[in-house]
Amino acid sequence: MIRCREPLYRPPAEAGSLILQAAYGCAHNRCTFCGMYKGVRYQVRPEAELFGEISEAARLYPETRRVFLADGNALGLGYDRLRPLLERLAEAFPRLARVNLYANCRSIAALTDGELTGLRRLKLNTLYTGLESGSQRVLDLVHKGESAAETVRQVRRAEAAGFTCSVMVLVGLGGQSYSEEHADATAAALNLMRPTLLSALRVIPPGVLFDGFRELTEYQAVGELHRLIGLLELERTVFRADHPSNPAPLAGRFPQDKYRLLAELEATRRGGLLDRDGPGRRPFAL
Ligand code: SF4
């Protein structure tokens with residue numbers, strides 16, 4: 001039987017994938033901006049249970065081409081658990097093209113170059129990684145538990161091993177006090193990282209993110225994203241900021257669309273419709 005335990009999250013791009021929960025929750029679970037797995041005890045699922053689910057899924061959906069391994073940071077399962085899991089998926093689904101998952105910087109760092117290459121050969125393809133901010137001060141304030149410089153290094157390593165890295169940054173994470181620092185340091189980190197895919201979401205604070213945090217107004221959030229994009233010098237990155245958390249949906253490719261993206265943000269800012277006193281209308285969560 002295929003079990004889905006709520007809450008179950010996946011990136012928007014995985015809407016058509018078969019979702020398999022290799023673990024429940026997030027081993028870190030301390031980021032103040034993330035309410036995804038609060039109240040969920042982290043638990044790696046037994047291999048026999050997972051293999052049973054894969055057999056059942058193969059019977060029901062034999063044409064599966066894409067699988068997403070949930071929950072938060074499934075790469076943290078490590079090489080010895082992921083290798084047999086990927087082998088079993090390839091056996092069960094003859095048309096399998098790719099397996100994708102969430103991955104943090106420490107779980108990439110924990111793999112040797114040989115292990116990264118080995119997992120890539122077994123069709124592990126896209127690593128969804130949250131940089132969130134390039135400012136170490138902001139990352140520490142929100143208890144991210146990662147180093148921005150190390151995330152840059154590990155994304156470069158993973159892409160050199162053949163993975164596609166889809167990197168997320170959070171507009172507004174530094175609040176009003178650190179907005180400029182957050183935008184500038186995030187652009188600097190991304191310019192070094194050069195991810196294949198980049199998405200910018202606006203943070204929806206589930207509470208106070210850190211002492212003294214003051215959320216950006218809608219107008220300020222658009223200004224922060226404008227500042228960040230203006231500083232990006234990327235050579236081959238697909239960019240999206242079309243999540244419902246963003247006041248103005250944006251999508252394009254770097255470098256060719258940079259000035260169009262800036263012009264669209266500028267038009268939104270001048271349009272007179274943005275809330276200058278508060279966060280404006282938003283979805284309930286990221
Ligand atoms: S942002 Fe990622 S690492 Fe942080 S608590 Fe949420 S799932 Fe865990």
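Mentor: Gladly. Helices (H or I, at least four residues) and strands (E, at least two) are DSSP runs numbered from the N terminus, and the expected span of a helix is 1.5 Å times one less than its number of residues. This is a predicted model, where local features need pLDDT of at least 70, side-chain atom pairs count only at pLDDT 80 or more, and totals for chains, interfaces and linings use all residues. Residues are numbered from 1 along each chain as its sequence is written, and side-chain values use heavy atoms, with hydrogens and water left out.

Trainee: How many residues does helix H7 have, and what distance does it reach?

Mentor: H7 runs over residues 179-193, which makes 15 residues, and reaches 21 Å from its first C-alpha to its last, close to the 21 Å expected. Just after H7, Arg194 takes a positive phi of about 50°.

Trainee: Which residues of H7 are buried?

Mentor: Buried means under 20% relative accessible area, exposed over 50%, and partly exposed in between, with a 1.4 Å probe and protein chains only. In H7 the buried residues are Ser179, His182, Ala183, Thr186, Ala187, Ala189, Leu190 and Met193. Viewed down the axis of H7, they fall within an arc of 165° (taken from the directions from the helix axis to the C-beta atoms), so they line one face of the helix. On the other side of H7, Glu180 and Leu192 are exposed.

Trainee: What covers the buried residues of H7?

Mentor: Contact means heavy atoms within 4.5 Å. The cover of H7 includes strand S6 (124-132), helix H6 (148-160) and helix H8 (218-231).

Trainee: And which residues are buried in H1?

Mentor: Leu50, Glu53, Ile54, Ala57 and Ala58 are buried in H1. Down the axis of H1, the buried residues fall within an arc of 140°, so they line one face. Ala48 and Arg59 are exposed on the other side of H1.
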